[in-house]
Amino acid sequence: MNERLVATCGRITFQNPVLAASGTFGYGSEFERFFPLASLGGFATKTLFVEPRDGNPPPRVAETSAGMINSIGLANVGWEAFVAEKVPDLKAIIGAARMLVNIAGNAPDEYRAIAARVEADRERVGCAGIEVNVSCPNVKEGGTNIGCDLHQFQAAIRGVREETSLPVFVKLSPNVADVVPFAACAIDEGADGVSLINTVYGMQIDIEKRRPVLGTGSGGLSGPAILPIGVYWTHKVRAAFPDLPILGIGGIATWRDALQYLLAGAHAIQVGTAAFVNPLACVEIIAGLERYCSQRDTTIAELSGAAHRGGRLAEAAVWTG
Amino acid sequence: MTPSSAATGVLALPLDSTADIATGTSWLRFRPPSDAVCDPGQFFMLSTVAPSPVAYLGRPFSIGDVRDGQWLFMLRALGRGTAWLRTLESGTMMRLIGPLGIPFERRASPVHRMIAGGIGLAPFLFLARRLRAEQPQAGIELYYGERDARSHVELTADERSLFDIVERFTDDGSLGTAGSVVDGLENRWAETDVAWYGCGPQPMLRAAAAKLEEHDVEAAQFALEERMACGFGVCQACVVPNRHPPPRYRLLCTEGPVVETGKVAW
């Protein structure tokens with residue numbers, strides 16, 4: 001283990017700051033054919049509900065020039081099948097990587113229910129913490145996005161917090177006028193930290209068929225297109241809450257992208273869509289950060305939030321890695 | 001033949017060469033490492049190592065042929081991304097993720113009959129080559145339809161020799177028989193002891209599956225297509241509805257692309 005890379009996010013310590021993001025890493029064992037899971041700082045599972053979900057009708061993805069829009073519909077195997085069928089494989093390969101179980105529900109009270117299940121199975125699953133996906137339509141309230149409504153958001157987080165003593169990270173949506181009040185609410189409700197950002201609302205129209213490409217009409221934009229949005233909100237939230245652990249996410253494809261998030265205030269980062277295009281993206285980013293830290297004689301802990309401290313005015317030479 | 005368990009990985013290879021084979025259609029050729037193996041029906045996700053200004057995601061390409069120490073992928077410009085891929089020059093570093101997916105099962109049969117629509121021709125030269133080597137006595141037939149003569153891929157003498165029968169169709173009658181492959185097969189749908197394979201546009205495959213079902217054939221192997229972001233079972237985009245749920249959907253990348261016709265809700 002390289003001490004320079006150690007990333008401390010509240011109660012969770014990662015061996016390096018690179019995590020694979022929820023929804024782009026399956027249940028953890030799918031990438032083993034490309035690289036060892038144990039080499040990552042950690043990963044967030046595909047979003048799990050208590051009950052399995054089939055997901056949305058196809059087409060489920062639309063490509064954009066710098067990313068993609070997805071409308072997968074949170075297809076997942078459900079909690080019971082995850083524990084019975086996925087966890088045993090996972091435990092054999094996870095090594096020092098840390099697992100965040102990503103959870104969601106169709107209404108605020110369902111967040112409480114899934115959190116209770118995670119708490120009950122926490123030893124068996126061996127997770128380091130929970131990541132709460134609040135970007136989910138509330139089926140009981142006309143499909144309003146729970147992550148975009150402060151009242152429902154608060155109820156969901158409160159439910160999770162009351163059911164578990166595990167570290168809780170809340171994954172924040174950028175589809176609001178201001179992310180900061182949501183971070184504040186997460187803190188007030190006892191969350192350990194936040195992940196930001198989730199995907200950005202997007203739509204693509206097929207100009208031949210004259211209708212939206214996606215089966216559900218619209219979806220969530222991810223990929224390099226959203227990098228500056230995520231960096232912006234990371235910087236904003238870190239400025240507002242200097243001690244809040246932040247997992248930076250959104251459009252990271254290279255170590256340079258990762259470094260932007262760290263400097264903006266993230267304590268660790270997550271890689272998502274880039275891993276679809278290049279399954280080795282995570283390990284290449286770890287290698288890049290390792291080289292950077294070693295050649296600049298610095299650490300991830302020192303880099304985190306450095307952009308808030310005036311930066312470095314003079315560089316003798318531009319280092320290109 | 002049971003599907004092989006070829007190791008899936010990420011290869012960075014220079015594009016060795018390209019060759020136009022019909023209007024808007026070309027071969028992309030690569031020189032794979034000597035130990036790399038793949039089976040007909042499997043596919044690779046292809047992208048450029050340097051991020052593309054046009055196409056962010058990789059694209060699935062079925063392995064088109066393996067010959068002269070090269071892998072060939074058939075590319076047709078159908079949208080912005082594929083049009084851009086067609087402009088790439090030899091030497092461009094490409095990322096190949098694969099081999100992926102379930103290959104065609106090469107069961108013993110006196111007749112192997114392949115029906116191809118448009119770029120759906122892609123997997124069949126390699127399939128025919130393997131079948132020819134493994135079942136030299138079997139008859140191998142290709143029924144290949146295109147919109148018009150310009151789109152038609154002209155088979156080389158070597159490619160033609162892989163088949164005992166090649167029948168060509170065009171929608172406008174500008175080459176071969178006018179009309180669709182499905183109509184053109186007429187009473188041959190009723191023949192027994194035929195191993196059926198299909199690849200092409202969804203309406204063609206749906207019609208072909210219906211014809212086969214009329215004759216109680218549900219085990220025809222069709223290679224299907226759907227939008228994919230990853231190709232290896234993670235993004236969950238490439239779903240087709242199962243005829244017999246649950247589960248409601250199957251992922252084409254890991255539970256396909258080759259699927260028996262009776263298993264799909266067409």
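This is a predicted model: local features need pLDDT of at least 70, side-chain atom pairs count only at pLDDT 80 or more; totals for chains, interfaces and linings use all residues.
Two strands are taken to pair if DSSP finds at least two bridges between them. The strands concerned, β13(A) and β16(A), the latter covering residues 219-222, run antiparallel to each other and are joined over three bridges.

This pair belongs to an open sheet of four strands in chain A, ordered β5-β6-β16-β13, in which the pairing is antiparallel. The edges are formed by β5 (61-64) and β13 (200-202) of chain A, each of which pairs on one side only. From one strand to the next, the twist averages 35 degrees. As a reminder of the background, strands of a sheet pair through backbone hydrogen bonds, either parallel or antiparallel.

Helix packing comes next. In chain A, helix α2 (residues 108-120) and helix α4 (residues 150-163) have axes that come within 8 Å and cross at roughly 20 degrees. Since angles under 35 degrees count as roughly parallel, α2(A) and α4(A) are therefore roughly parallel to each other. Their crossing is right-handed. On the α2(A) side the contact is made by P108(A), D109(A), Y111(A), R112(A), A115(A), A116(A) and E119(A), and on the α4(A) side by Q152(A), A155(A), A156(A), G159(A), V160(A), E162(A) and E163(A). Sorted by class, this contact holds seven nonpolar, two polar and five charged residues.

Helix α6 (residues 227-240) of chain A packs against helix α7 (residues 255-264) of chain A at an angle of about 20 degrees, and their axes are 8 Å apart. That angle makes α6(A) roughly parallel to α7(A), and the crossing of α6(A) and α7(A) is right-handed. Helix α6(A) contributes L227(A), G230(A), V231(A), T234(A), H235(A) and R238(A) to the contact, while α7(A) contributes D257(A), Q260(A), Y261(A) and A264(A). The classes here are four nonpolar, four polar and two charged residues.

Finally, there is the contact between the chains, to which chain B and chain A each give 27 residues. On the side of chain B that touches chain A, the elements giving two or more residues are β1 (9-14) and β7 (93-100) of chain B. That side of chain B is made up of 16 nonpolar, seven polar and four charged residues.

Terms used. Residues are numbered from 1 along each chain as its sequence is written. Chains are lettered from A and ligands numbered from 1 in the order in which they are written. Two residues are in contact if their C-beta atoms, placed from the backbone, lie within 7 Å. Ala, Val, Leu, Ile, Met, Phe, Trp, Tyr, Cys and Pro count as nonpolar, Asp, Glu, Lys and Arg as charged, and the others, Gly among them, as polar. Axes are lines fitted to C-alpha atoms, for helices over the stretch in contact, and angles run from 0 to 180 degrees between N-to-C directions. Angles under 35 degrees count as roughly parallel, over 145 as roughly antiparallel, 65 to 115 as roughly perpendicular and the rest as oblique. A crossing is left-handed if the near helix is turned anticlockwise from the far one by less than a right angle, and right-handed if clockwise.
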